[in-house]
Amino acid sequence: MSSERGKDIAQGSSTITSPGGDQQRPPMPSRYESQKRRDWNTFGQYLKNHRPPVQLSQCNSNHVLDFLRYLDQFGKTKVHIQGCMFYGQPEPPAPCTCPLKQAWGSLDALIGRLRAAYEENGGSPETNPFATGAIRVYLREVRECQAKARGIPYKKQKKKPNQDKPSHESSSTMSS
């Protein structure tokens with residue numbers, strides 16, 4: 001074993017030596033994969049810091065809901081409360097004291113990543129605490145509450161037909 005290879009191993013290098021002797025770096029994980037790993041680690045840390053600490057195998061939807069509420073303190077989305085004079089206004093003319101919260105879209109994406117990470121880390125789809133009805137109801141309530149607070153009723157977008165395929169008719173009529 002060369003001293004360089006030994007040094008790489010001792011330093012925890014991620015360099016891989018192929019059978020031919022050339023060194024390759026493993027492919028960088030995608031942005032989604034990196035975020036999923038970060039979210040999974042954050043949730044694991046949350047469970048460890050929980051009083052009393054919770055083992056992942058004991059985690060349920062109530063722990064997930066507590067985690068989502070905990071994250072609100074780091075939110076950046078102004079959500080007007082019903083008593084606020086700007087409640088229901090899409091663009092309020094002045095600042096107010098309403099709380100900042102996590103945006104619904106951020107929470108929805110987070111739950112999707114954690115749901116996938118749970119199963120990738122050995123969890124069963126049947127016991128996935130991120131896939132329960134309670135989580136879906138919470139996300140729906142957050143979405144509706146935030147939409148009302150901004151005065152924008154949430155309407156599910158209908159999927160548009162696939163328009164990626166170029167039409168052969170339009171290209172032939174263009175040349176005539």
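Select R143 and W104. The charged end of R143 sits over the ring of W104, 5.7 Å from the ring centre. Keep in mind throughout that this model is predicted.

**Helix 5**

Now select residues 133-149, which make up helix 5. Check its length with a distance between the end C-alpha atoms. They are 24 Å apart, which agrees with the 24 Å that 17 residues should span at 1.5 Å a residue. Next, colour the buried residues of this helix: I135, Y138, L139, V142, Q146, A147 and A149. They cover an arc of only 165 degrees around the axis, so they lie on the same side of helix 5. What do the buried residues of helix 5 pack against? Show helix 3 (61-71) and helix 4: these are the partners. Then step just past the end of helix 5 to G151, where phi is positive, at about 75 degrees.

**Helix 4**

Move to residues 104-120, helix 4. This helix also has a simple length check: 17 residues reach 24 Å from first C-alpha to last, close to the 24 Å expected at 1.5 Å a residue. Select L107, L110, I111, R113, L114, A117 and Y118, which are buried. Note that an arginine, R113, is on that buried list. The cover over these buried residues includes helix 2, helix 3 and helix 5. Just after helix 4, stop at G122, which takes a positive phi of about 95 degrees.

**The nonpolar core**

The largest nonpolar core has 22 residues. Which of them touch the most other members? Select F43, V64, F67, L68, I111, L114 and F130. Helix 2, helix 3, helix 4 and helix 5 each supply at least two residues of this core. Helix 4 gives the most, with six. Zoom in on L68 and display its contacts. Leaving aside residues up to four places away in sequence, L68 touches L107, L110, I111 and Y138.

**Aromatic pairs**

Show the aromatic rings next. The whole structure holds ten aromatic pairs. Begin with W40 and Y118, an edge-to-face pair with 6.4 Å centre to centre and 70 degrees between the planes. W40 belongs to helix 2 (residues 31-49) and Y118 to helix 4, so the pair links distant parts of the chain, 78 residues apart. Are W40 and Y118 buried or exposed? Both are buried.

Select F43 and F130 now. This pair is edge-to-face too, at 5.0 Å centre to centre and 70 degrees between the planes. F43 lies in helix 2, while F130 is in the loop between helix 4 and helix 5, so the pair ties together parts that are 87 residues apart in sequence. F43 and F130 are buried as well.

Together they form one aromatic cluster.

**Two loop stops**

Go to the loop between helix 2 and helix 3, where P52 lies. Look at the peptide bond joining R51 and P52: it is cis, with omega about -10 degrees.

Finish at T97, in the loop between strand 3 (77-78) and strand 4 (100-101). T97 is exposed, with a relative accessible area of 83%.

Note on methods: Residues are numbered from 1 along each chain as its sequence is written. This is a predicted model: local features need pLDDT of at least 70, side-chain atom pairs count only at pLDDT 80 or more; totals for chains, interfaces and linings use all residues. Side-chain values use heavy atoms; hydrogens and water are left out. Rings of Phe, Tyr and Trp (its six-membered ring) pair if their centres lie within 6.5 Å; planes under 30 degrees apart count as stacked, over 60 as edge-to-face and the rest as tilted. Helices (H or I, at least four residues) and strands (E, at least two) are DSSP runs, numbered from the N terminus. Buried means under 20% relative accessible area, exposed over 50%, partly exposed in between (1.4 Å probe, protein chains only). A charge sits over a ring if NZ of Lys or CZ of Arg is within 6 Å of the ring centre and within 35 degrees of the ring normal. The expected span of a helix is 1.5 Å times one less than its number of residues. The arc is that of the directions from the helix axis to the C-beta atoms. Contact means heavy atoms within 4.5 Å. A nonpolar core is a set of buried Ala, Val, Leu, Ile, Met, Phe, Trp, Tyr and Cys residues joined through side-chain atoms within 4.5 Å.
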